Amino acid sequence: QTNEKLSGNDAYTKIESVLKGFTFNVNTPDKQVIQEVKDAFKVGEDYKELEIDVRFADGGEKEYRDVK
């Protein structure tokens, strides 16, 4: 965690590079997707709940949840 605060074009540029690095698709196991997202955004293990909503290039959508 960096606690970095960005807005506007700076925020868009930073998040776009992270999103483009994802390798999962709609068929990837949920645990693998959650781990890849946690690693990419440097999410520590001290969270209580993590919810990830993904819209894939083909228009499909999927929600991933991890509750401790």
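These questions and answers concern a predicted model of one protein chain.

Q: What makes up the protein chain, and in which pattern along the sequence?
A: The protein chain holds two helices and two strands. Read along the sequence, they follow the pattern α-α-β-β. The C-alpha trace spans about 30 × 30 × 15 Å along its principal axes.

Q: How many residues does the protein chain have, and what share of them is buried?
A: The protein chain has 68 residues, and 22% of them are buried. A residue counts as buried under 20% relative accessible area.

Q: How do you know that the span of helix α1 agrees with its number of residues?
A: Helix α1 covers residues 8-20, which is 13 residues. At 1.5 Å a residue these should span 18 Å, and the end C-alpha atoms are 18 Å apart, so the two values agree.

Q: Why does Ser17 count as exposed?
A: Exposed means over 50% relative accessible area. Ser17 is at 51%, and therefore counts as exposed. Ser17 is also placed in helix α1. Ser17 and Asp58 are 41 residues apart along the chain, and their C-alpha atoms are separated by 20 Å.

Q: What is the count of buried residues in α1?
A: The count is one among the 13 residues of α1, and α1 is hardly covered.

Q: Which residues of α2 are buried, and what covers them?
A: Val33, Ile34, Glu36, Val37 and Lys38 are buried in α2. Their cover includes β1 and β2. One of these residues, Ile34, touches Leu50, Ile52, Tyr64, Arg65 and Asp66, leaving aside residues up to four places away in sequence.

Q: What is found at Lys42, and why does Lys42 count as exposed?
A: Lys42 follows α2 and is found in the loop between α2 and β1. Lys42 is not a glycine, yet has a positive phi of about 55°. Its relative accessibility is 54%, so Lys42 counts as exposed, the cut-off being over 50%.

Q: Which residues form the covered face of strand β1, and which the uncovered one?
A: Strand β1 covers residues 49-55. Leu50, Ile52 and Val54 form the covered face, whereas Glu49, Glu51, Asp53 and Arg55 form the uncovered one. In a regular strand the side chains alternate between the two faces of the sheet.

Q: How do you know that β1 and β2 pair?
A: Two strands pair if there are at least two bridges between them. Seven bridges join β1 to β2, residues 61-67, and the two strands run antiparallel. Ile52 stands opposite Tyr64 in β2, and Glu51 stands opposite Arg65 in β2.

Q: What lies between β1 and β2?
A: The two strands form a hairpin with five residues between them. Gly59 in the turn has a positive phi of about 95°.

Q: What makes the largest nonpolar core a core, and which residues belong to it?
A: A nonpolar core is a set of buried residues of listed types joined through side-chain atoms within 4.5 Å. The largest nonpolar core has 12 residues: Val18, Phe22, Phe24, Val33, Ile34, Val37, Tyr47, Leu50, Ile52, Val54, Phe56 and Tyr64. α2 and β1 each supply at least two residues of this core. In soluble globular proteins, nonpolar side chains tend to be buried together.

Q: What volume does the second largest pocket have, and which residues line the second largest pocket?
A: The second largest pocket has a volume of about 290 Å³. Its lining consists of Leu19, Phe22, Phe24, Val37, Phe41, Ile52, Asp53, Val54, Arg55, Phe56 and Ala57. β1 gives the most to this lining, with four residues.

Q: What share of the contacts joins residues 24 or more positions apart?
A: Among contacts with a separation of 6 or more in the protein chain, the share is 25%.

Technical notes: Residues are numbered from 1 along each chain as its sequence is written. This is a predicted model: local features need pLDDT of at least 70, side-chain atom pairs count only at pLDDT 80 or more; totals for chains, interfaces and linings use all residues. Side-chain values use heavy atoms; hydrogens and water are left out. The expected span of a helix is 1.5 Å times one less than its number of residues. Buried means under 20% relative accessible area, exposed over 50%, partly exposed in between (1.4 Å probe, protein chains only). Contact means heavy atoms within 4.5 Å. On a 1 Å grid over the protein atoms alone, a cavity is a set of points where a 1.4 Å probe fits but cannot get out, and a pocket is an open set with protein on both sides within 12 Å along at least five of seven lines; lining residues have an atom within 4 Å of a point. Grid points are joined across faces, edges and corners, and a volume is the space filled by probe spheres set on the points.
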